[in-house]
Amino acid sequence: MGSISQETVLQSPALSTNISIFEPFSLPSSNQRVLSAPHPQDTVIPLALRPSGSNPSLDVAVSAVESLQKDHDGYLTKKLATHGALLFRGLPIHSADDFSRFAHAFGYSPHEIIGIVVDRPLLAPNVAPANEAPKEVLIYNHNESPQVPHAPEYVFFYAHKAPAKGTGGESAISSSLEIFNRANREIPEFIDALAEKGILSQVTYKVEQQYAGGSTLRQAFGKEIIEGDDLETRKRKIEDQIKRYGRGEFTTWKWEDDDQTLVVTHRLPAIRTQQSTNLPTLFTGLAAYYKNTFGTGTGKRKNITQTLYGDGTPIPEKYLAHLASITDELRVLHQWEQGDVLVFDNVIAQHGREPWTGDQKDRVVLASLFDAESLPGRYGYANWAQVVQASS
């Protein structure tokens, strides 16, 4: 894997002793790697942190994170912006409520999901299952919510129950900055096309669940619907939620199947820029779309999102295959230990989920999504390339 610099993470004399409870440690090469350009030299993904002394209480860990964020200029946020992902191991996190407290300590604003495509019942404040898809299903590397305009900037995962080693169930980790850099060198015409055209994301929602772990139309857009609403009222309330995206002509919809199916089409930027560096990052699920659409093997999840170039023309399979090949080469697979917390800067890092053997209940990973104070920047000048947040 190469030399991993044991940087002065959380050990600087400028940091008070009550928050220097974390120290970096190395992971196996299958789980951690040194990133290439445009990342700084010796930058690893994920940056792994654990308690540096005796086991801290949850109160102490939460206080440490709060101090690092509030009193030290968003220290952990800056580490996320450099590494893309942080792993916290060895903390006393044993429940959804514990996880919620730890995640909220970072000080981010909880993300409101609009247009959800997976079922995420609330288990604690801003905490839900990561994904309830069957264990045979590969969920390939992607940025969170690339198929809708309103995506979170930070994604937290917590292993409430980890599968036994050797049985699968790892979480894939990759750098969107690094993938963009490689793709721009190897298939520049594809990157140019994405920059010029963007993508059309056409998402199909149905009244009934379309696959195990998927959401219903009401779960996606029906939070204002109440019992007794007639059909026209339900449709109006659903459309009002879509309008909250605030994207005008770049988000359209149509009703089908006697109003039992809703198809929503977004023109979106697949390339965005990181807030702190203005570096271009590939914010997409295109490699996952390729695996779902053209891949082979068992356990494929029904693909309810069709992705085209922004002008409505198909994206050549060869480019999608090449992007998946790059991702295969650059990703690592995180072998979970119970209590692990993985934190992603969703703007510059991708995640995924490997299948596993055994029972569905052998792997229980929870998620918490948050917004940042600033949005990713626009790559280019097209109006559709502007990243927006949904109105309140």
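F22, F88, F102, F106, Y108, Y154, F156 and F370 form one aromatic cluster. The model is predicted: local features need pLDDT of at least 70, side-chain atom pairs count only at pLDDT 80 or more, and totals for chains, interfaces and linings use all residues. Residues are numbered from 1 along each chain as its sequence is written, and side-chain values use heavy atoms, with hydrogens and water left out.

**Aromatic pairs**

- A pair of aromatic rings is described by the distance of the centres and the angle of the planes.
- Rings of Phe, Tyr and Trp (its six-membered ring) pair if their centres lie within 6.5 Å; planes under 30 degrees apart count as stacked, over 60 as edge-to-face and the rest as tilted.
- A search of the whole structure finds 17 aromatic pairs.
- One of them joins F88 and F102, edge-to-face, with 5.2 Å from centre to centre and 75 degrees between the planes.
- This pair links distant parts of the chain, since F88 is in strand β5 (residues 85-88) and F102 is in helix α3 (residues 96-104), 14 residues apart.
- Helices (H or I, at least four residues) and strands (E, at least two) are DSSP runs, numbered from the N terminus.
- Both F88 and F102 are buried; buried means under 20% relative accessible area, exposed over 50%, and partly exposed in between (1.4 Å probe, protein chains only).
- The rings of F180 and Y379 also form an edge-to-face pair, because their centres are 6.1 Å apart and their planes are at 75 degrees.
- F180 lies in helix α4 (residues 176-186) and Y379 in the segment after β21 (377-378), so that pair too links distant parts of the chain, 199 residues apart.
- F180 is buried, with a relative accessible area of 5%, whereas Y379 is partly exposed at 29% relative accessibility.

**Charges over rings**

- A charge sits over a ring if NZ of Lys or CZ of Arg is within 6 Å of the ring centre and within 35 degrees of the ring normal.
- K197 lies over the face of Y309, at 4.6 Å from the ring centre.
- The charged end of K291 sits over the ring of Y140, 4.9 Å from its centre.

**Helix α8**

- In helix α8 (residues 286-294), the buried residues are L286, A287, A288, Y289, Y290 and N292.
- These buried residues pack against β8 (139-142), α5 (188-197), β16 (305-309) and α9 (317-330); contact means heavy atoms within 4.5 Å.

**Pockets**

- On a 1 Å grid over the protein atoms alone, a pocket is an open set of points where a 1.4 Å probe fits, with protein on both sides within 12 Å along at least five of seven lines; lining residues have an atom within 4 Å of a point.
- Grid points are joined across faces, edges and corners, and a volume is the space filled by probe spheres set on the points.
- The largest pocket holds about 430 Å³ of space.
- Its lining has 19 residues, and the closest to its centre are T77, Y108, Y154, A372 and E373.
- Helix α2 (residues 75-83) gives the largest share of this lining, 3 residues.
- The lining of the largest pocket consists of 6 nonpolar, 8 polar and 5 charged residues; Ala, Val, Leu, Ile, Met, Phe, Trp, Tyr, Cys and Pro count as nonpolar, Asp, Glu, Lys and Arg as charged, and the others, Gly among them, as polar.
- The second largest pocket has a volume of about 370 Å³.
- It is lined by 18 residues, of which I113, I116, R120, L122 and A128 are the closest to its centre.
- Strand β20 supplies the largest share of the lining of the second largest pocket, 3 residues.
- The lining of the second largest pocket divides into 10 nonpolar, 4 polar and 4 charged residues.

**Backbone features**

- The peptide bond from A37 to P38 is cis, with omega near 10 degrees, and P38 lies in the loop between β2 (33-34) and β3 (44-45).
- Another cis peptide bond joins I45 and P46, with omega about -10 degrees; P46 lies in the loop between β3 and β4 (47-51).
- S145, in the loop between β8 and β9 (154-161), has a positive phi near 60 degrees although this residue is not a glycine.
- S145 counts as buried, because its relative accessibility is 13%.
- D257, in the loop between β12 (251-256) and β13 (261-268), has a positive phi of about 55 degrees and is not a glycine.
- D257 counts as partly exposed, because its relative accessibility is 48%.
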